[in-house]
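Here's a quick briefing to read with the model open beside you. Take a look at the fold before you get into the notes.

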Amino acid sequence: MPKIEVQMFDIPCVKLDGVEVSFPFKRVDALFYYLICRKSATRQELVELLWEDCTEEVGYKNLRHTIYTLRKILGSDLILTTQKTEVRLNPERELSSDLDRCGEGEAIDKERFLRGFTVKNAPNFNAWVDQVREQMAARTLSDLSDGAAEARAAGDLGRAERLSLEYLSRDGLDEKMVMFLMELYQQEGRYYKAANLYQRLKDKLAEELGITPLHETAALYYEIVNQWNRTTEDAPSRPGPEMTASRAALVRKMQERYRLFQEGYEVSSLLFYGEAGSGKSYLLQSFLRGGDFSDALVLKGGCSQRQAGVYLEPWKNVMLSVAEEMARRNVQIPETTRRTIARVFPVFSDGEEARREPGEFKQNRCGALVTDAVALLLSLAAHRRKILLVFEDLQWMDSASQDLLSQVVRRLGGNQLLLLATSWTLNVDVNFMLDEAALERVCIPCLTREETDEYLDAVLGGDLPVPLRGRIYEATGGNPRLLAAAVENLRGKEPSENTLPDEGGILRQRMAGLSAQALHLANVLALFQDKTPCRLLSEITGYQTAQLYALSVELEEHSLIGERLADGESYLEFLHPHMREALYQAQSYFQRQPLHLKIAECLRETVQEGDAAGLSRAAAHYRAGGDGQRAFHCEVEALYWRTGRSCEIPPLATVDAPIPSLLPVGVTAEDEVKRLEQELERLRRQLPPEEKETLLGPERLLLCAKARTMIYAGQYQEGLAVTDDLLRALTPCAPEDTELLLWALRQRITYHIKTDQAAPEYIVRGLEIAEESGLRRQRACYLLLRGIDFCKEGSYKSCDYFLRQALETIDHPERYPMFCAYVGAWQGEWKRRQKDFAGACAFYQAAEDRTEGLEPWPGSGFLFACHARAAMAMGDHEKARLLLGRAMAAFAKTGELSGRGLTEAYTAYYAAQDGSYAQAVELLAASWDSASRLSSLVEQGIRDSVLARLRRELDQNHIFDNELDRYLYRPLDIYCHRGMQRLRGVKGAYEFDELEDCLKYSIRQAKPLTVENLYSKNKNFMTE
């Protein structure tokens, strides 16, 4: 007998033997769900439930048809009818539903029951669904309340707290439960938690109902606050477990800074910054509790997220304390000063001034008048006692308050006022407006692994297994606040290697009380590996900017996320990566899948041309959402743009184009090509024949990327074979594939240029296609290639003409610094080949200036190498050494081959000049490998000229029996003949002249051979 499974929570569905079934109309579903809940019902009841707007006869007819449909799909024995009045499910049929399991160990969200399911024109059924949801909600609240009371009675305070928080997340206005949780916190000594809970209740009641808490609740609050004050006064000075040696040193730093301040020294204020929960406030409170401040006026400002952005709100407590100090000491305030301050801070008002509205000051932030008046007032107060000003959480301070704080510290700081402040981030106005002499920034990092072990030993004892310690550190990142939560979850458990810190428990503590919208936003944020732009979040979630801001503030209040600005755009990100991972894992695959796909679509639509990083992010979301085909398309396109930037000489990228993200560590472009080829084969096998055509475009992009990587790396035969395959695939060429065809032709031309072969037919063909299609960038590139071809032929006038044409053809040359710099490199080359070294250096220098500040790019190493050769020819060896060093650094970054072998050879020459013979040998061996991979006879000949010069200098100076001497074991004339043979016919290769000089020296130094000496030589020498 087939088994029936029914899911009634979240999106409802029915499965028959594991296969999901669908009904032809919704009233069939509705009838079945109703019977599952009620087990049986009368026919009259069902007709009134689903067909109330029909006549009785039509209603009964529809009911009979609906029952028939259910029996036909799920089995004729599913529904039993008795006496033609009652309808019920057959108890003998194997039927299970998640409704039977609800409430077993977990609280049920009422909104999950038949989520999104409604029946049109059936108000009675929809009202019944709402009624069931309300009943479930009431039952859930009752279960949570009873469970919390039972847990407290059993001494399981952690469970009691979790259940209470879950209750309040569903009904935050239940004062009875608020009082229960406040008493629980009072019992544990967590007074600040109880106080915060009361304040949140008070604000919510005032905002939603316009009332205040009950008298009993307020009385409990004041009782807790008084108990908290007594506990603080009587608290022992013993430091807590989070007071590690490094943090104790920071407390001593504050104590020493305060001592010098009181002794009259000019000192800078302190700003402590670090992630939420890193212990900044704890250190500050430790300093304030452990010192004697009777000779100072301690002013504490209040910054809170709830009041973030409120005009000068953080200064109200400060000004109240100042007013009390002035009145107590009978200090007269100048009337003009008092009136100015009173218009912003009413505590100084005598009732006659008209209070100035905050909006009047917002144009100029705080306003010079208010700043001057407050600075004068604080200066008067500081005449009697120096001021210690304390502000926590500057990230919540409004701009006007930060302006005022910066001006006060600038004017009074050093000898009259000392500021101690904390912030999550340095992205606050106070940080930017004060220099290091006025404000010293101190980072408060999380605990190290060793400090975490010390903390765990102090709290849980030293018998905690080492693997468990590592897991706790990974789960919390050494954050003291999260460590405390993890320890709380481990209390009472038997520590073992299998015990894990309850990340879910930590997450529930952070998310308790979040609204449904804020929870949805957190779920979306958890899908991103790094920071997420608010613009994208708004598009994905549908929240407007104001709503998104309010929800982000709610998440920040729970210490889950933070906001930061980058490049003028606002981003949200999780404060703790492990919390993001925990929230991500808490979502089921079916929850994440549609969100991943929606994110991927948004990213794909907004990605710029050439943004390989954006395409990779979109691909990751497509793959996480189960759409492997679209993920493959994005990955191939990302590799195509990435190789266009990293394997094309020169890149045709603009200065503001996104820099391609790096591949994962240990993954090369060749590895990525192989992976994508395997993915392509898999998709070919999976897709039906009519959909395989969608793979043609990505396949061609992949071939182009593969050809680029192979030819760039010197794997010419394989690269040319791939290029020929691509050219055949693009013949005939559709208009939209024209640019891809030009890129394919460039691979052929690049091979010929690298190996010093002429390629006029490919260049002319590319020029014609670029002109016909109107692709100006490609036309400029082919003009450059034509100029290079003429330079290698020695036709320097034609070379100069085409290079200048290339610069004139490209639109807005300032936007293409790499392309223009490479053109400049070849303009310098034809000058250098004509031995106009000064003119060549001018072109090289101009090209380098164009790309100053850019990361090394394909072609930059060649530019530096050519400049170094010109500097050597002019005798400027210091400059040549510097340029060769820059070329070596560029080659190491880009992997470029052209010019690398001769750079390594010339660097070896200078290393030998310095006596570093072992380094010279190492570089010469590397230069042979580079020149061989490049397959350029010119670079091999230039290397031979360096070998000949080194061999000659060793012989001239009689420097023998070292690493270089043993490496250059051949006679000088061998290197000369080999190099001259390779460079013969090369235009502008003045190294040929150096080889001739070395050969002449070798001939002059050769001893004349006598007949007996001639016969004494071995056979091999005679043959050579």
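This is a predicted model: local features need pLDDT of at least 70, side-chain atom pairs count only at pLDDT 80 or more; totals for chains, interfaces and linings use all residues.

Residues are numbered from 1 along each chain as its sequence is written, and side-chain values use heavy atoms, with hydrogens and water left out.

**The whole chain**
- You'll find 46 helices and 15 strands here, taken as DSSP runs numbered from the N terminus (helices are H or I, at least four residues; strands are E, at least two).
- Of the 1024 residues, 50% are buried, meaning under 20% relative accessible area with a 1.4 Å probe, protein chains only.
- Take the contacts (heavy atoms within 4.5 Å) between residues at least 6 apart in sequence: 67% of them join residues at least 24 apart.
- The accessible surface (Shrake-Rupley, 1.4 Å probe) is about 49,200 Å², and carbon and sulfur atoms hold 50% of that.

**Helix α11**
- In α11 (residues 280-289), the buried residues are Lys280, Leu283, Leu284, Ser286, Phe287 and Leu288.
- Their cover includes helix α10 (245-262) along with β8 (269-273), β9 (296-301), β10 (386-391) and β11 (417-423).

**The cavity**
- A cavity is a set of points on a 1 Å grid over the protein atoms alone where a 1.4 Å probe fits but cannot get out; lining residues have an atom within 4 Å of a point.
- One cavity of 30 Å³ or more turns up, and the largest cavity has a volume of about 50 Å³, the space filled by probe spheres set on the points, which are joined across faces, edges and corners.
- Its lining is Cys647, Glu648, Ile649, Arg708, Ile711, Tyr712, Gln747, Thr750 and Lys754.
- Two elements, α29 (696-712) and α31 (738-754), each give two or more residues to that lining.

How values were computed:
On a 1 Å grid over the protein atoms alone, a cavity is a set of points where a 1.4 Å probe fits but cannot get out, and a pocket is an open set with protein on both sides within 12 Å along at least five of seven lines; lining residues have an atom within 4 Å of a point.
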